[in-house]
Every structure is written in C-alpha cells, then in structure tokens.
Amino acid sequence: MKKFSIWMGIGLLIIGTYVLITALTDSEGPMEPPSPEVSVGEVNIPTTQGSYCWKGDSQGKCVDKAYANEIEMGMNHEPTEVVPGQKVNISFEQAPTEGSIEVKQWNDVDPPKDMDVIDSKITVPEQEGVYVYHIIAEWERGDGSYAFSVEVKD
C-alpha cells in the first residue's frame, strides 16, 4: 500500500507540473509575431512569413526560414495584379512598435528600394512588372519578416 501511495504521489506531481506548464504557455498567447493583412482595395494579398524571434513571459524562440533571397520568399504565392501607382494597405491586428515597419521593394532588374510607409500604405510603381515587397516589423516581444508580390499591369 505504501508503494501505491508513493506512485500515486509521483503521478499527481507529474500531472500537476504538466497542467502548470500548459497554463503558463497558453497564457502567453501565440509564440510568433502577428501576420500582416495586406490588401489592395477589397482584394487580400497573400503573404509569406519569414524568419522571426518572439519571446513570452517564460520562454522565447527564434525561427529561421530558408529562402535564397527576398524575391524567392515573395514569389511563394502568385503575384496579385494591381494598377500602376495603386496604394497597398499593410496592417497588423497587433500594431508594431511605432516607426518600426520597414518595407523594401525588389525586382529582377533594380537594386532593392526602401519604400515610404504612409498611413500604413505603400504605393506601387507606375512601371509595369512584377515586384516583391519585404516587410520587417518589431514589437515589444520580438520581430518578424514577411513578403508578398504584385504584378503591376495597366
């Protein structure tokens, strides 16, 4: 009977530890940064999540996504058709740290270009072609990167 009580105590201790760890993990929320909602007009543009680091109250993690370059990352989805000079909206459910959003424009011809993000929007070029946009954002708990592509067509 004494052995049974010891094993019962050990079992309860293991179950209690598991419940406590699960409760702590769940209370921290997701262990990755929020994904952006990217759209042009009423059309949602699919994004690809890149590398990120994120920390909770009791744990953290960094995830490296392997892409040859930002263009490959952005071409993970078919480019969304847009008209020259159109504005693309980039928003997050949980707002990044003020002034931390960086967006670069990539294509096969020109060097990467820093984009102006004004009122959570960027403006696509007047010139036709396929463009990839790489987003980097920071929060108090970490940072994340994302990419999407558009095809500018008249």
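Trainee: Does Glu81 count as buried or exposed?

Mentor: This is a predicted model, in which local features need pLDDT of at least 70 and side-chain atom pairs count only at pLDDT 80 or more, while totals for chains, interfaces and linings use all residues. Residues are numbered from 1 along each chain as its sequence is written, and side-chain values use heavy atoms, with hydrogens and water left out. A residue is buried under 20% relative accessible area, exposed over 50% and partly exposed in between, using a 1.4 Å probe and protein chains only. Glu81 has a relative accessibility of 54%, so this residue counts as exposed.

Trainee: With which residue does Glu81 form a salt bridge?

Mentor: A salt bridge is a side-chain nitrogen of Lys or Arg within 4 Å of a carboxyl oxygen of Asp or Glu. For Glu81 the closest N and O atoms are 3.8 Å apart, and the partner is Lys153.

Trainee: How many residues apart are Lys153 and Glu81?

Mentor: Strands are DSSP runs of E with at least two residues, numbered from the N terminus, as are helices (H or I, at least four residues). Lys153 follows strand 11, whereas Glu81 belongs to strand 5 (residues 80–82). The bridge therefore links distant parts of the chain, and the separation is 72 residues.

Trainee: Which residue forms a salt bridge with Arg141?

Mentor: The closest N and O atoms of this bridge are 3.4 Å apart, and the partner of Arg141 is Asp57. The pair links distant parts of the chain, 84 residues apart: Arg141 is in the loop between strand 10 (129–139) and strand 11 (142–152), and in the loop between strand 3 (48–55) and strand 4 (60–63) lies Asp57.

Trainee: What is the relative accessible area of Asp57?

Mentor: Arg141 has a relative accessible area of 29%, so it is partly exposed. Asp57 is exposed, because its relative accessible area is 63%.

Trainee: How far apart are N and O in the salt bridge of Asp114 and Lys104?

Mentor: The side chains of Asp114 and Lys104 meet in a salt bridge, with N to O at 2.5 Å. Asp114 lies in strand 8 (residues 113–114) and Lys104 in strand 7 (residues 102–106), so the pair ties together parts 10 residues apart in sequence. Asp114 is exposed at 56%, while Lys104 is partly exposed at 30%. The N to O distance asked for is 2.5 Å.

Trainee: What kind of aromatic pair do Trp54 and Trp139 form?

Mentor: Rings of Phe, Tyr and Trp (its six-membered ring) pair if their centres lie within 6.5 Å; planes under 30 degrees apart count as stacked, over 60 as edge-to-face and the rest as tilted. By this rule the count comes to 4 aromatic pairs. The centres of Trp54 and Trp139 are 5.7 Å apart and their planes stand at 70°, so the pair is edge-to-face.

Trainee: How many residues apart in sequence are the parts that Trp54 and Trp139 tie together?

Mentor: Trp54 lies in strand 3 and Trp139 in strand 10. The pair therefore ties together parts of the chain whose separation in sequence is 85 residues.

Trainee: Is Trp139 buried or exposed?

Mentor: Trp54 has a relative accessible area of 5%, so it is buried. Trp139 has a relative accessible area of 6%, and therefore this residue is also buried.

Trainee: At what angle are the ring planes of Phe92 and Trp139?

Mentor: The ring centres of Phe92 and Trp139 are 5.2 Å apart, and the pair is edge-to-face because the planes are at 80°. Phe92 in strand 6 (residues 87–92) and Trp139 in strand 10 are 47 residues apart. Together with Trp54 and Tyr146, these two residues form one aromatic cluster. The angle between the planes of Phe92 and Trp139 is 80°.

Trainee: What is the phi of Asp119?

Mentor: Most residues other than glycine have a negative phi. Asp119 lies in the loop between strand 8 and strand 9 (121–123), and it is exposed at 66%. Its phi is positive, near 55°.
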